[in-house]
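This briefing is for a reader who is meeting the structure for the first time. Please look over the sequence and the structure, then read the points below.

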Amino acid sequence: MAEDTEHQFWYNMRTGAVEQGLLSPSIDRVGPFSTFDEATHALDKLRSNSAKWAEDDATDDR
């Protein structure tokens, strides 16, 4: 089933703006997020995920 991208939110990495729907090229945006607020904190989520993955990789290398 296709997602309803028209009602989802995206964070534009180039402009720093939150967008509803697929307004900008995919290379510039991350998401989707369910709410405007979640998209506003996209960079925090990305940093958190990256730190967790790095920690998981370090654990796997032991």
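Arg14 is exposed, with a relative accessibility of 58%. Its partner in a salt bridge is Asp28, and the closest N and O atoms are 3.2 Å apart. The model is predicted.

**Salt bridges**
- The whole structure holds three salt bridges.
- Asp28 sits in the loop between S2 and S3 and Arg14 in the loop between S1 and S2, so their pairing ties together parts that are 14 residues apart in sequence.
- Arg47 and Asp44 form a salt bridge with the closest N and O atoms 3.4 Å apart.
- These two residues, Arg47 and Asp44, lie three residues apart in helix H2 (residues 42–60), about one helical turn.
- Arg47 is exposed at 54%, while Asp44 is partly exposed at 45%.
- Lys52 and Asp56 meet through their side chains in a salt bridge of 2.9 Å, N to O.
- Lys52 and Asp56 are four residues apart in helix H2, again about one helical turn.
- Lys52 is partly exposed at 49%, and Asp56 is partly exposed at 31%.

**Sheet**
- Three strands form an open sheet in the order S2-S1-S3, with antiparallel pairing.
- Strand S2 (18–20) and strand S3 (29–33) are the edge strands, each pairing on one side only.
- On average, neighbouring strands of this sheet are turned by 30 degrees against each other, direction ignored.
- Strand S1 (residues 9–12) pairs with S3 over three bridges in the antiparallel sense.
- Phe9 stands opposite Phe33 in S3.

**Cis peptide bond**
- Gly31 and Pro32 are joined by a cis peptide bond, with omega at about 15 degrees.
- Pro32 is placed in strand S3.

Technical notes: Residues are numbered from 1 along each chain as its sequence is written. This is a predicted model: local features need pLDDT of at least 70, side-chain atom pairs count only at pLDDT 80 or more; totals for chains, interfaces and linings use all residues. Side-chain values use heavy atoms; hydrogens and water are left out. Two strands pair if DSSP finds at least two bridges between them. Axes are lines fitted to C-alpha atoms, for helices over the stretch in contact, and angles run from 0 to 180 degrees between N-to-C directions. A salt bridge is a side-chain nitrogen of Lys or Arg within 4 Å of a carboxyl oxygen of Asp or Glu. Buried means under 20% relative accessible area, exposed over 50%, partly exposed in between (1.4 Å probe, protein chains only).
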